[in-house]
Amino acid sequence: QVQLVESGGGLVQPGGSLRLSCAASGSIFRIYTMGWYRQAPGKERDMVAHISGLGITNYRDSVKGRFTISRDNAKNTVYLQMNSLKPEDTAVYYCYADIAWNTGRSDYWGQGTQVSVSS
């Protein structure tokens with residue numbers, strides 16, 4: 001019943017910017033850590049950024065200084081602002097959330113959104 005819906009992907013030239021959004025809906029009691037992962041064809045899914053319920057962030061080294069993760073708890077939404085994009089950022093980006101519902105707590109994933117960086 002809980003679902004994460006992503007938006008904001010697209011095609012951009014190197015050096016450009018994109019903002020990804022991910023909104024959670026359904027029978028949600030509380031959302032703990034939220035984050036973004038990415039996966040290129042033939043590669044494993046890698047962590048990009050996390051943000052805790054208290055707003056503590058962490059990033060993979062290759063995106064530090066370029067990407068910013070944030071959240072709006074009132075909207076159950078997490079964002080990823082991506083600046084100075086590079087071709088190696090090209091991947092399908094997946095939203096993640098650790099969500100407590102009425103009888104338990106589980107990990108949830110968005111459907112994925114394509115980010116392509118190319119000239």
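A residue is called buried here when its relative accessible area is under 20%, and the views below are close-ups of a predicted model.

**View 1. The edge-to-face pair of Tyr37 and Tyr96.** A pair of aromatic rings is described by the distance of the centres and the angle of the planes. The ring centres of Tyr37 and Tyr96 lie 6.0 Å apart with the planes at 70°, which is why the pair counts as edge-to-face. Tyr37 belongs to strand S4 (residues 30–39) and Tyr96 to strand S9 (residues 91–100), so that the pair links distant parts of the chain, 59 residues apart. The structure holds 3 aromatic pairs, and the pair of Tyr37 and Tyr96 is one of them.

**View 2. The tilted pair of Tyr96 and Trp109.** Tyr96 also pairs with Trp109, at 5.4 Å centre to centre and with 55° between the planes, in a tilted arrangement. Because Tyr96 lies in strand S9 and Trp109 in strand S10 (residues 105–109), this pair ties together parts that are 13 residues apart in sequence. Tyr96 is buried, with a relative accessible area of 11%, whereas Trp109 is partly exposed at 37%. Through ring pairs, Tyr37, Tyr96 and Trp109 are linked into a cluster, and the charged end of Arg45 sits over the ring of Trp109, 4.8 Å from its centre.

**View 3. Surroundings of Asp98 and Arg105.** Asp98 lies in strand S9 and, with a relative accessibility of 11%, counts as buried. The side chains of Asp98 and Arg105 are joined by a polar contact of 2.8 Å, while Arg105 also lies over the face of Tyr32, at 3.8 Å from the ring centre. Leaving aside residues up to four places away in sequence, Asp98 touches Arg30, Ile31, Tyr32, Thr33, Arg105, Ser106 and Asp107.

**View 4. The largest nonpolar core and Tyr93.** This core has 29 residues, and those with the most contacts inside it are Trp36, Leu80, Met82 and Tyr93. At least two core residues come from each of strand S3 (18–25), S4, strand S5 (46–51), strand S7 (67–72), strand S8 (77–82), S9 and strand S11 (113–117), and S9 gives the most, with 5 residues. Not counting residues up to four places away in sequence, the residues that Tyr93 touches include Leu20, Trp36, Tyr37, Val48, Phe67, Leu80, Met82 and Val115, and among its other contacts are Glu6 and Arg38.

Technical notes: Residues numbered from 1 in each chain as written. Predicted model: local features only at pLDDT ≥ 70, side-chain atom pairs only at ≥ 80, totals over all residues. Heavy atoms only, no water. Phe/Tyr/Trp six-rings, centres within 6.5 Å; stacked < 30°, edge-to-face > 60°. Helix = DSSP H or I, 4+ residues; strand = E, 2+ residues; numbered from the N terminus. Buried < 20%, exposed > 50% of the residue type's maximum accessible area, 1.4 Å probe, protein only. Lys NZ or Arg CZ within 6 Å of the ring centre and 35° of its normal. Polar contact = N/O pair within 3.5 Å; in protein donor to acceptor, adjacent residues only side chain to side chain. Contact = heavy atoms within 4.5 Å. Core = buried A, V, L, I, M, F, W, Y, C linked by side-chain atoms within 4.5 Å.
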